[in-house]
Amino acid sequence: MASSTSLSHVESDRRALHALNILPGVLLLAGIGYAAKVLERTVNTYAKAHHWVFPNIEYVLWAILIGLVISNTLSIPKIFQSGIATYEFWLKLGIVLLGARFVLADVLKLGGISLALVVIEITLSLALMTFLGKIFKLKPKLISLLAIGSSICGVSAIIAAKGAIDADDEDSSFAIAAILALGALALFTFPAIAHGLHMNDTSYGLWAGLGVDNTAEATAAGALYSDAAGKVAVLAKTARNAMIGFVVLAYAIYWAGKGQAEVVTNKAAFLWKKFPKFILGFLFVSLLVGFHTFSKAQVGSLGNLSKWAFLLTFAGVGLRTNFREMSKQGLRPFIVGALGEILIACLTLGLVIGANRIWGL
Amino acid sequence: MSTDRSTNTSKSALLSLDGWAVVVALALALVVKLDWLKNVPW
């Protein structure tokens, strides 16, 4: 009795010690994340006040950049290490809560034509990025990340896929950086091209929603053209976002199967073991929202909690990324990303123009 | 490579990460549903 009591004391002491151990690192992640949010707001406000033509750099990029600068210029003390490692927990927590922001029923709002375009876009993007990645001999998981990021919804999809396929931090960092950099460029190029082609609001909104990867940039690119185009862009982007669960699920199964080189005696049990359970949490939360379990304000709160969790994740991604490791990869991933994005933008433009001619959007 | 390192680290730090993420997320969802946590800002 006495020994079991002392053992439980030792266990609880160990847990308390562990909680204390992770605290400095978690505070560092939170500090970097919050600094990123402040920077986003401050820089954008300053640029607007001084009429600068300055790309809207999101907190995501700031958090990764701050983390990268710290990890590549300073030697991070050991006291922060175990806390920094918790970023994977924040990642998965963020993904489960993200389910609140991806309602499958939203796809129906777009109607048949738009939905068909989304499906074609995702299929073409996945195939194109995979093809380009193989031509440039990128690592298979980096190809998957770039393909998922460019076909569905940029950063969220890469973050979701990273956990699901257990990809390298450097790979996801590279893919996120490429998608964000190209998304910022799209803010300027998409409206300019559309004006040149005299596209109508619906066609352009669809193109922005299909062709620009990150949701914020897609929304902004649409709104830069017109208010009506902005609304259509959000709808088309939502349809793409709704597919995140299915595509990441498919990739998770693909990689789980690929990782089993030895004889598989019980494939179902193996898949269950390898399958990232947080995706089920993601789908469950999405389903709860679909059944109107939460009010609109509550859904908003869940979405914001997801963003806070991701904020710590982004800081961790930057902190865990080392330029020396990245330089071994070279510029090929970025070139593949850029080439792929340009081709996808052309393909989706062709799709939208074709749909406009056939159905009169 | 670094994923392996981070996974190992986090596995030793937080057992069954997926499970904890789902449990904490559902607990947060419950807290929000019960209106114990309202209008989370961003």
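**Entry 1: the interface**

I began with the contact between the two chains, which takes 32 residues from chain A and 26 residues from chain B. I noted that the model is predicted. Next I asked which elements of chain B give two or more residues to the side that touches chain A. I found helix H1 (2-13) and H2 of chain B. H2(B) gives the largest share, 12 residues. I then sorted the residues on this side of chain B by type. They divide into 16 nonpolar, 7 polar and 3 charged.

**Entry 2: one helix pair**

I looked up how H4 (residues 87-98) of chain A sits against H2 (residues 17-33) of chain B. Their axes come within 8 Å and cross at roughly 50°. Angles from 65 to 115 degrees would count as roughly perpendicular and those under 35 as roughly parallel, so H4(A) is oblique to H2(B). I also checked the hand of the crossing: H4(A) and H2(B) cross in a right-handed way.

Which residues meet here? From H4(A) I listed A:Glu88, A:Phe89, A:Lys92, A:Leu93, A:Val96 and A:Leu97. Across from them, in H2(B), I listed residues including B:Leu17, B:Trp20, B:Val24 and B:Leu28. The residues of this helix contact divide into 11 nonpolar, no polar and 3 charged.

**Entry 3: chain A on its own**

I turned to chain A and looked up its helices and strands. I found 17 helices and 0 strands. Of the 361 residues in chain A, 48% are buried. Last, I looked at contacts between residues at least 6 apart in the sequence of chain A. Of these, 80% join residues at least 24 apart.

Definitions and conventions. Residues numbered from 1 in each chain as written. Chains lettered and ligands numbered in written order. Predicted model: local features only at pLDDT ≥ 70, side-chain atom pairs only at ≥ 80, totals over all residues. Axes fitted to C-alpha atoms, helices over the stretch in contact; angles between N-to-C directions. Helix = DSSP H or I, 4+ residues; strand = E, 2+ residues; numbered from the N terminus. Parallel < 35°, antiparallel > 145°, perpendicular 65-115°, else oblique. Left-handed = near helix turned anticlockwise from the far one by under 90°. Contact = placed C-beta atoms within 7 Å. Nonpolar A, V, L, I, M, F, W, Y, C, P; charged D, E, K, R; others polar. Buried ≥ 20, exposed ≤ 12 C-beta atoms within 10 Å, placed from the backbone.
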